[in-house]
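I opened my notebook to look up a few things in one protein.

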Amino acid sequence: RIGTYRDLAGEWDYAGHNYYPIDLVGHGTQVALAFLDYALGVPQGAPRITALKVGNAPGAEPDAVVWALRDAAGWINNIPRQALGGPSALTGSRAIDVINMSFGGYDYQPATHAAMNDVYFRSDALMVMCAGNDGQVIPAIYPGWLAHYFGTRGIVVGAASASGSIHGYSNRAGYANMNNYIVAHAEASGPWAGTSFSAPRVTGTASAIKDRWPHLTGAQIGSIILNTATDMGARGPDPIYGMGMLNFGAALSPVGGRWFSLNKSRHNVAGSTFKLSSAFSQIANANPSISFFDAYDRDFQMSLNTERFSMAERVRQDMMWSGLGARR
């Protein structure tokens, strides 16, 4: 279904040159399908999990890209979206969270850059951009080359095999963008080849993260994806692989320090020992899990195990710990 709350395949289909992107042959439709491949399980009606799809083709109208970006930033109401039954404005609880930008060109477009600034300053959306398919040492197309201007809210994506080896056609990270660049899977050849189809893998991952932890900002989601990438090539960020290969599993796993929340205080997971009454063991049997939080305040559950001692054994241990000497 197109419209209602998610624009997975909405907006302009630059291959079909229409607002009907379910013809299954257009560039935009394929991008949306690649996005869905990594966003499976995200509720279709989730109001803040959405992606704006734009693409390009010879003769495409560049103003449509600017219009779509500004709409994502909450500037205007998208009349075609309304005609399809969608919301009248992408603001508030229906704001765009992730923008997939599988398009680009060799000419710097001031209007497109200005629209991206609108996204940055007027919204909280994460912008995911394809690197281009010219085998260059840098993201040779715009807007991908601009990713580093937007901090962790701008990610440029190259194309790699499933094992992480970058494809020959994929533009590399370059020095300017190596902290904002990762590679993701796309085919080496055929209709699913190209950075247009690696970028939406990152978009789908970002949407899955946002769906699970709605409190995260676009900058935090970008930081998680970039910093959980599997390091490839030279150690650390490098001008070929940037931050490495997209790692979906790591992005949805705990990052950084792990802590419990107890009375609004943080307690490190590794160094915490809880001494609890026997009554609590009954609770543990009924619901044997406890939540902890990572460095991004994302909650995770872990199993809760209790160790049971006899009262006599506990008294003996307490007497030994109190400095009364060895028990007799």
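My entries follow, in the order in which I looked things up.

**Entry 1: the whole protein.** I noted at the start that this is a predicted model. I looked up the secondary structure and found 10 helices and nine strands. The protein has 328 residues, and 46% of them count as buried. I then looked up the surface: the protein exposes about 15700 Å², and carbon and sulfur atoms supply 55% of that area. For contacts I took those between residues at least 6 apart in sequence, and 70% of these join residues at least 24 apart.

Entry 2: I picked helix α6, which covers residues 199–212. Its 14 residues reach 21 Å from the first C-alpha to the last, and I wrote down that this is close to the 20 Å expected at 1.5 Å a residue. The buried ones include Ala199, Pro200, Val202 and Ile209. Arg201 and Lys210 are on the list of buried residues too.

**Entry 3: aromatic pairs.** How many aromatic pairs does the structure hold? I found seven. One of them joins Tyr120 and Phe121 edge-to-face, with 5.1 Å from centre to centre and 85° between the planes. Tyr120 is partly exposed, at a relative accessible area of 30%. Phe121 is exposed, at 66%.

Tyr120 also pairs with Phe150. This pair is tilted, with centres 5.8 Å apart and an angle of 55° between the planes. I looked up where the two residues sit, and the pair links distant parts of the chain. Tyr120 belongs to helix α4 (residues 110–122), while Phe150 is in the loop between β3 (126–130) and β4 (154–160). They are 30 residues apart. Is Phe150 buried or exposed? Phe150 counts as buried because its relative accessibility is 2%, and the cut-off for buried is under 20%.

**Entry 4: other rings.** I looked up which residues form an aromatic cluster, and found Tyr108, Tyr142, Trp145 and Tyr149 together in one. My last item was Trp213: Arg298 lies over the face of this ring, at 4.7 Å from the ring centre.

Note on methods
Residues are numbered from 1 along each chain as its sequence is written. This is a predicted model: local features need pLDDT of at least 70, side-chain atom pairs count only at pLDDT 80 or more; totals for chains, interfaces and linings use all residues. Side-chain values use heavy atoms; hydrogens and water are left out. Rings of Phe, Tyr and Trp (its six-membered ring) pair if their centres lie within 6.5 Å; planes under 30 degrees apart count as stacked, over 60 as edge-to-face and the rest as tilted. Buried means under 20% relative accessible area, exposed over 50%, partly exposed in between (1.4 Å probe, protein chains only). Helices (H or I, at least four residues) and strands (E, at least two) are DSSP runs, numbered from the N terminus. A charge sits over a ring if NZ of Lys or CZ of Arg is within 6 Å of the ring centre and within 35 degrees of the ring normal. The expected span of a helix is 1.5 Å times one less than its number of residues. Contact means heavy atoms within 4.5 Å. Accessible areas come from the Shrake-Rupley method with a 1.4 Å probe; for residues, only the protein chains shown count as cover.
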